Amino acid sequence: MPPRLPRSRSARRTPRATAFAAALLLALAGAPAAWAAPGPEELGPLPPHNPFTGPQGSATMHGDSGSSDATPLPGPGDGPLTSTRTALQSACPTVLVGSDGYPVALCTPILGQVPTVHLLDPATGGSLTSLKIAKGSLLGGVYAYLDDQDRLVAVDGERALLRIGHRRTAGGAWELYVARSLSLRDAVPEGDAVTGLSPDWQGRVWFATGGGTVGTADDATGTVRTLALPDGEQVANSISTAPEGTAVSTTHATYLLTADADGTPRVAWRQAYDRGPGRKPGQLSWGTGSTPTFFGPTTGTDYLAYVDNASPTVSLQVRSARTGDLVCEQPVLTPGGSGSENSPIGVGRSVFVAGTYGYPYPKLPEGAGPSVPADARFRGGLSRVDVRADGSGCDLRWENDTRSSAVPTLSTADGLIHTVVRRPLIPGTDTTSLLDPYAYVQLDPATGREVRAHHLGVGSLFDTLQMVGNFAPGGVVYQGTITGVVRISAR
């Protein structure tokens, strides 16, 4: 399949018969495209490496503890692209890669929905061994990270903070094991669950619950301290940490928090945002869909970015990470269907926002409530916004109609944006179906143009469900799907 430019808004619709034939050819062929990479644009720096996480770019769902959704690792390079799917009968939103090169996936099986950790073979993507942990809420247990010893840090359904390591047994087989556990029962209310967690620069684990409790935990000493956010504010996304503090976005406002010497959280600043009249179709809660993103041209964490839920058009909010002062409020995803459930990419002075408006999630978290409007078609879209060099505001650089079905990642090594797109079965339409084809694509961040693509497969087995891909050394991308993990590389 040749590289494609983003379709113009004035593009003519393809007749149905021709479109359907083209769709079948696209679904069946899957031929790799010739690679024509653009000259890399100077982007950066990345946020500083958190010493209590694993490798920069692959130890957290969003690349680093600052949630930049950028990585210093390259994606697949020269040569035809190839992909293999590991069928785990599970949705796998979290695939992380440690310093030893072994991917660790946190998945939720379709049947039983008991979260399961898999250690994957770096050569094939197959599961080497697995470990079940206690079941929690739909979002509880989704977010996790690898610590500086390549142990998966997560909170299970029994409200225990776990560090899960992997090792070989005396017989040579691989095993996953709980290396350390700390109960958070006294800190997390009954019926609540931890939604996001991330370490700070002192090694404490910050966590936030769906019900609006924020806390710190030191599992070496057993010390846990909490702060209750205002009633009615829920946390539906993960949290981010940087030297400036911990960023948390609720369904009403974005916070920067710091901690006292004993770990007690304190609010450094709070900024409310426009949450709109209700949850938009293609989002999982009534409020921002962003895990807040630290980025910046000087320290890598000068600014904090997130997308509001304003109607009809959402805006990217960029604030000073230190003070919370507004740098800009820039409307994004303006061609229509404006809404985002994804964490933005933030690197240097640039932010990239992917649209999820109308994405057909098969299941919503409990209490998500009805969407406003009740339904919508998935139009996609990707916007680039640049902060001005003098910090006086922002400018919309470009927008396209990329139908990203995953959280995009930018590689500063190869200068490309990497994601998976959901092609319409009938090209030229914005419909979705169970037979939609999915493709891994690389985009030029300077223009938004698609420069390389690889067909992954057809149908819901390959639905990436707005989950995040992750990178491994050697130009390998691991992408979670609704049924397992896809491994993408160059031959």
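Me: Which residue does a disulfide join to Cys 92?
Reply: Cys 107, with S to S at 2.2 Å. A disulfide here is a pair of cysteine sulfur atoms within 2.5 Å. Bear in mind that this is a predicted model: local features need pLDDT of at least 70, side-chain atom pairs count only at pLDDT 80 or more, and totals for chains, interfaces and linings use all residues. Residues are numbered from 1 along each chain as its sequence is written, and side-chain values use heavy atoms, with hydrogens and water left out.

Me: What parts does the pair tie together?
Reply: Cys 92 lies in strand S3 (residues 90-97) and Cys 107 in strand S4 (residues 103-109), so the link ties together parts 15 residues apart in sequence. Helices (H or I, at least four residues) and strands (E, at least two) are DSSP runs, numbered from the N terminus.

Me: What's the handedness of the link between Cys 92 and Cys 107?
Reply: Right-handed, with 110° about the S-S bond.

Me: Is Cys 92 buried or exposed?
Reply: Buried, at a relative accessible area of 0%. Cys 107 is buried too, at 1%. Buried means under 20% relative accessible area, exposed over 50%, partly exposed in between (1.4 Å probe, protein chains only).

Me: How many disulfides does the search of the whole structure find?
Reply: Two. Cys 328 and Cys 394 also form one, their sulfur atoms 2.0 Å apart. That link is left-handed, with -75° about the S-S bond. It connects distant parts of the chain: Cys 328 is in strand S22 (residues 326-331) and Cys 394 in strand S26 (residues 394-400), 66 residues apart. Cys 328 counts as buried at 8% relative accessibility, and Cys 394 at 6%.

Me: What's the pairing in sequence order?
Reply: 1-2, 3-4, numbering the bonded cysteines of the chain.

Me: Switching to rings. How many aromatic pairs are there?
Reply: The search of the whole structure finds six. One of them is Phe 352 with Trp 398, a tilted pair at 6.1 Å centre to centre and 50° between the planes. Phe 352 lies in strand S24 (residues 350-354) and Trp 398 in strand S26, so the pair ties together parts 46 residues apart in sequence.

Me: Which ring does the charged end of Arg 167 sit over?
Reply: Tyr 177, 3.7 Å from the ring centre. Arg 275 does likewise over Trp 286, at 4.0 Å. The test is NZ of Lys or CZ of Arg within 6 Å of the ring centre and within 35 degrees of the ring normal.

Me: Now the core. Which residues touch the most other members of the largest nonpolar core?
Reply: Tyr 359, Tyr 440, Leu 456, Leu 465 and Ile 488, out of 19 residues. Strand S30 (437-443), strand S32 (467-472) and strand S34 (484-490) each give two or more residues to this core. A second, separate core of 17 residues includes Tyr 102, Val 104, Leu 119 and Leu 146. A nonpolar core is a set of buried Ala, Val, Leu, Ile, Met, Phe, Trp, Tyr and Cys residues joined through side-chain atoms within 4.5 Å.

Me: Back to Leu 465. What's its phi?
Reply: Near 50°, a positive value in a residue other than glycine. Leu 465 is in the loop between strand S31 (450-458) and S32. It counts as buried at 16% relative accessibility.

Me: Where does Arg 159 lie?
Reply: In the loop between strand S8 (152-155) and strand S9 (160-168). Arg 159 is buried, with a relative accessible area of 8%.

Me: Last one. Which residue does a cis peptide bond join to Pro 312?
Reply: Ser 311, with omega about 5°. Pro 312 is in the loop between strand S20 (303-307) and S21. Another cis peptide bond joins Val 372 and Pro 373, with omega about 0°. Pro 373 is found in the loop between S24 and S25.

Technical notes:
Rings of Phe, Tyr and Trp (its six-membered ring) pair if their centres lie within 6.5 Å; planes under 30 degrees apart count as stacked, over 60 as edge-to-face and the rest as tilted.
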